[in-house]
Amino acid sequence: MDIIVGDIPDDVQTTTKKIIKVTPVTDEDLKAKDKKFSRAEVARHNTKDDCWIVYKNKAYDVTKFVDVHPAGPNYLTDYAGTDASVEYDQVGHTGDAYDILQTFYVGDVTAADYIDPTNPGVSLPWT
Ligand code: HEM
(Lines give C-alpha, C1' and ligand atoms only; values in the text may rest on other atoms or scores of the structure.)
Protein backbone atom coordinates (compact mmCIF):
# COMPACT_ATOMS: atom_id res chain seq x y z
CA MET A 1 0.00 0.00 0.00
CA ASP A 2 1.31 3.42 -0.88
CA ILE A 3 0.80 6.42 1.31
CA ILE A 4 -0.25 9.50 -0.57
CA VAL A 5 0.81 12.69 1.09
CA GLY A 6 -0.95 15.70 -0.24
CA ASP A 7 -4.42 15.54 1.25
CA ILE A 8 -3.68 18.46 3.50
CA PRO A 9 -6.54 20.07 5.42
CA ASP A 10 -7.36 23.64 4.34
CA ASP A 11 -6.67 25.03 7.79
CA VAL A 12 -3.05 23.87 7.68
CA GLN A 13 -0.67 26.50 6.37
CA THR A 14 1.39 24.98 3.62
CA THR A 15 3.98 26.21 1.19
CA THR A 16 3.55 23.23 -1.06
CA LYS A 17 0.80 20.90 -2.18
CA LYS A 18 3.15 18.42 -3.81
CA ILE A 19 2.10 14.82 -3.60
CA ILE A 20 4.63 12.16 -2.84
CA LYS A 21 4.16 8.41 -2.87
CA VAL A 22 5.95 6.42 -0.24
CA THR A 23 6.21 2.67 0.07
CA PRO A 24 6.17 1.73 3.74
CA VAL A 25 9.28 0.16 5.19
CA THR A 26 9.09 -3.24 6.87
CA ASP A 27 10.74 -4.30 10.13
CA GLU A 28 13.09 -6.46 8.03
CA ASP A 29 14.18 -3.41 6.04
CA LEU A 30 14.98 -1.63 9.28
CA LYS A 31 16.98 -4.55 10.69
CA ALA A 32 19.02 -4.66 7.48
CA LYS A 33 20.45 -1.24 8.27
CA ASP A 34 23.27 -1.88 10.67
CA LYS A 35 25.14 1.38 10.26
CA LYS A 36 25.62 3.48 13.37
CA PHE A 37 26.11 7.23 13.53
CA SER A 38 27.27 9.36 16.41
CA ARG A 39 25.28 12.49 17.10
CA ALA A 40 28.38 14.45 16.02
CA GLU A 41 28.27 12.69 12.64
CA VAL A 42 24.60 13.50 12.24
CA ALA A 43 25.37 17.12 13.14
CA ARG A 44 27.54 17.43 10.02
CA HIS A 45 24.45 16.97 7.84
CA ASN A 46 23.04 20.34 8.76
CA THR A 47 22.05 22.03 5.51
CA LYS A 48 19.02 22.11 3.22
CA ASP A 49 20.89 19.98 0.66
CA ASP A 50 22.17 17.54 3.25
CA CYS A 51 19.62 17.38 6.03
CA TRP A 52 19.65 14.66 8.67
CA ILE A 53 17.77 14.51 11.93
CA VAL A 54 17.68 12.17 14.91
CA TYR A 55 14.32 10.88 16.10
CA LYS A 56 14.35 8.64 19.17
CA ASN A 57 17.88 7.30 18.75
CA LYS A 58 17.55 6.76 15.01
CA ALA A 59 19.15 8.82 12.27
CA TYR A 60 17.16 9.90 9.22
CA ASP A 61 18.37 11.51 6.01
CA VAL A 62 15.34 13.68 5.22
CA THR A 63 17.07 15.72 2.49
CA LYS A 64 14.62 14.52 -0.16
CA PHE A 65 11.68 15.48 2.03
CA VAL A 66 12.73 19.07 2.82
CA ASP A 67 10.94 20.58 -0.17
CA VAL A 68 7.83 18.43 0.18
CA HIS A 69 7.31 18.74 3.93
CA PRO A 70 3.63 19.79 4.10
CA ALA A 71 4.30 22.59 6.58
CA GLY A 72 7.26 23.96 4.65
CA PRO A 73 11.01 23.30 4.47
CA ASN A 74 12.04 25.45 7.42
CA TYR A 75 10.65 23.03 9.96
CA LEU A 76 13.22 20.53 8.77
CA THR A 77 16.13 22.82 7.99
CA ASP A 78 15.80 24.52 11.39
CA TYR A 79 16.54 21.15 12.98
CA ALA A 80 19.03 19.87 10.40
CA GLY A 81 21.75 17.88 12.11
CA THR A 82 19.98 17.80 15.48
CA ASP A 83 17.64 15.67 17.59
CA ALA A 84 14.14 16.77 16.59
CA SER A 85 12.28 14.15 18.66
CA VAL A 86 10.50 16.62 20.94
CA GLU A 87 9.51 18.98 18.15
CA TYR A 88 8.38 16.14 15.90
CA ASP A 89 6.12 14.78 18.63
CA GLN A 90 4.79 18.17 19.73
CA VAL A 91 3.29 18.74 16.29
CA GLY A 92 1.16 15.63 16.66
CA HIS A 93 2.27 14.14 13.36
CA THR A 94 0.03 11.41 11.96
CA GLY A 95 0.95 7.76 11.50
CA ASP A 96 1.41 8.53 7.81
CA ALA A 97 4.09 11.06 8.73
CA TYR A 98 5.81 8.42 10.85
CA ASP A 99 5.71 5.91 7.98
CA ILE A 100 7.28 8.50 5.70
CA LEU A 101 9.95 9.19 8.30
CA GLN A 102 10.87 5.49 8.34
CA THR A 103 11.62 5.55 4.62
CA PHE A 104 14.48 7.95 5.34
CA TYR A 105 16.06 5.84 8.07
CA VAL A 106 19.83 5.47 7.65
CA GLY A 107 20.84 3.82 10.94
CA ASP A 108 20.80 3.98 14.73
CA VAL A 109 22.83 6.37 16.81
CA THR A 110 25.96 4.81 18.30
CA ALA A 111 25.79 3.07 21.68
CA ALA A 112 27.79 5.92 23.22
CA ASP A 113 25.18 8.45 22.09
CA TYR A 114 22.15 6.26 22.72
CA ILE A 115 19.64 7.70 25.18
CA ASP A 116 17.98 4.88 27.10
CA PRO A 117 14.35 5.83 27.73
CA THR A 118 14.05 3.14 30.43
CA ASN A 119 16.92 4.58 32.43
CA PRO A 120 15.36 6.32 35.43
CA GLY A 121 16.40 9.92 35.88
CA VAL A 122 17.52 10.30 32.30
CA SER A 123 16.48 13.54 30.64
CA LEU A 124 14.80 12.54 27.39
CA PRO A 125 14.93 14.79 24.32
CA TRP A 126 11.41 13.69 23.52
CA THR A 127 8.08 13.49 25.30
C1 HEM B 1 11.75 14.79 10.05
C2 HEM B 1 10.78 14.21 9.45
C3 HEM B 1 9.40 14.78 9.28
C4 HEM B 1 8.47 14.24 8.49
C5 HEM B 1 8.61 12.96 7.65
C6 HEM B 1 7.30 15.09 8.57
C7 HEM B 1 6.13 14.85 7.89
C8 HEM B 1 4.99 15.61 7.96
C9 HEM B 1 3.73 15.31 7.33
C10 HEM B 1 3.45 14.10 6.44
C11 HEM B 1 2.86 16.28 7.66
C12 HEM B 1 1.36 16.39 7.24
C13 HEM B 1 0.48 16.10 8.44
C14 HEM B 1 0.71 14.73 9.03
O15 HEM B 1 0.57 13.71 8.30
O16 HEM B 1 1.05 14.65 10.22
C17 HEM B 1 3.58 17.22 8.49
C18 HEM B 1 3.03 18.37 9.03
C19 HEM B 1 3.70 19.22 9.86
N20 HEM B 1 4.98 19.09 10.33
FE21 HEM B 1 6.27 17.63 9.86
N22 HEM B 1 7.54 16.13 9.41
C23 HEM B 1 8.82 15.98 9.88
C24 HEM B 1 9.46 16.80 10.79
C25 HEM B 1 8.91 17.90 11.38
C26 HEM B 1 9.55 18.70 12.40
C27 HEM B 1 10.92 18.41 13.01
C28 HEM B 1 8.67 19.70 12.72
C29 HEM B 1 8.79 20.79 13.71
C30 HEM B 1 9.90 21.23 14.19
C31 HEM B 1 7.50 19.54 11.88
C32 HEM B 1 6.40 20.36 11.87
C33 HEM B 1 5.24 20.15 11.16
C34 HEM B 1 4.07 21.02 11.21
C35 HEM B 1 3.96 22.31 12.01
C36 HEM B 1 3.12 20.43 10.38
C37 HEM B 1 1.73 20.97 9.98
C38 HEM B 1 0.78 21.11 11.06
C39 HEM B 1 0.13 19.84 11.53
O40 HEM B 1 0.06 18.81 10.82
O41 HEM B 1 -0.41 19.88 12.65
N42 HEM B 1 7.69 18.43 11.08
N43 HEM B 1 4.87 16.79 8.67
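**Figure 1. Ala-43 in helix α2.** Ala-43 is part of helix α2, which spans residues 39–43. The model shown here and in the other views is predicted. Ala-43 has 15 other C-beta atoms within 10 Å and is therefore partly exposed, since burial would need 20 or more and exposure 12 or fewer. When neighbours within four places in sequence are left aside, Ala-43 is in contact with Gly-81 and Thr-82. Tyr-79 is 36 residues from Ala-43 in sequence, and the C-alpha atoms of these two residues are 9.7 Å apart.

**Figure 2. Overview of the elements.** The protein contains five helices and seven strands. Read from the N terminus, their order is β-β-α-β-α-β-β-β-α-α-α-β. Of the 127 residues of the protein, 20% count as buried. Among the contacts with a sequence separation of 6 or more, 66% are between residues 24 or more positions apart.

**Figure 3. The open sheet of five strands.** The strands are arranged in the order β3-β7-β6-β5-β4, and their pairing is mixed. The edges are formed by β3 (36–37) and β4; each has a single partner strand, so one side of each is left without a neighbour in the sheet. In general, strands of a sheet pair through backbone hydrogen bonds, in either the parallel or the antiparallel sense.

**Figure 4. Strand β5 and its pairing with β4.** Strand β5 covers residues 50–55, and five of its six residues are buried, so the strand is largely enclosed by the rest of the structure. Strand β4 (residues 46–47) pairs with β5 in the antiparallel sense, over two bridges.

**Figure 5. The hairpin of β5 and β6.** Strand β6 (residues 58–61) pairs with β5 in the antiparallel sense, over four bridges. Tyr-55 stands opposite Lys-58 in β6. Two residues lie between the strands of this hairpin. Lys-56 lies in the loop between β5 and β6, and Asn-57 is also placed in the loop between β5 and β6. Lys-56 has a positive phi of about 50 degrees although it is not a glycine. Phi of Asn-57 is also positive, near 70 degrees, and Asn-57 is likewise a residue other than glycine. Lys-56 is partly exposed, with 15 other C-beta atoms within 10 Å. Asn-57 has 18 C-beta neighbours inside 10 Å and counts as partly exposed.

**Figure 6. The largest nonpolar core.** This core has 19 residues, of which Trp-52, Ile-53, Ala-59, Tyr-60 and Val-62 touch the most other members. The elements that give two or more residues to this core are β5 and β6. The largest contribution is that of β5, with five residues.

**Figure 7. Surroundings of Ala-59.** Ala-59 is among the residues of the largest nonpolar core that touch the most other members. Not counting residues up to four places away in sequence, Ala-59 touches Phe-37, Val-42, Trp-52, Val-54, Val-106, Gly-107 and Val-109. One of these partners, Trp-52, is itself listed with Ala-59 among the core residues that touch the most other members.

**Figure 8. The shell around the ligand.** There are 22 residues around the ligand, and Ala-71, Tyr-75, Glu-87, Thr-94 and Ala-97 come nearest. The elements that give two or more residues to this shell are α3 (74–77), α4 (85–90) and α5 (95–102). The largest share comes from α5, with four residues. By residue type, the shell around the ligand divides into 16 nonpolar, four polar and two charged residues.

Methods:
Residues are numbered from 1 along each chain as its sequence is written. This is a predicted model: local features need pLDDT of at least 70, side-chain atom pairs count only at pLDDT 80 or more; totals for chains, interfaces and linings use all residues. Two strands pair if DSSP finds at least two bridges between them. A nonpolar core is a set of buried Ala, Val, Leu, Ile, Met, Phe, Trp, Tyr and Cys residues joined through C-beta atoms within 7 Å. Two residues are in contact if their C-beta atoms, placed from the backbone, lie within 7 Å. A residue is near a molecule or strand if its C-beta atom, placed from the backbone, lies within 6 Å of it. Ala, Val, Leu, Ile, Met, Phe, Trp, Tyr, Cys and Pro count as nonpolar, Asp, Glu, Lys and Arg as charged, and the others, Gly among them, as polar.
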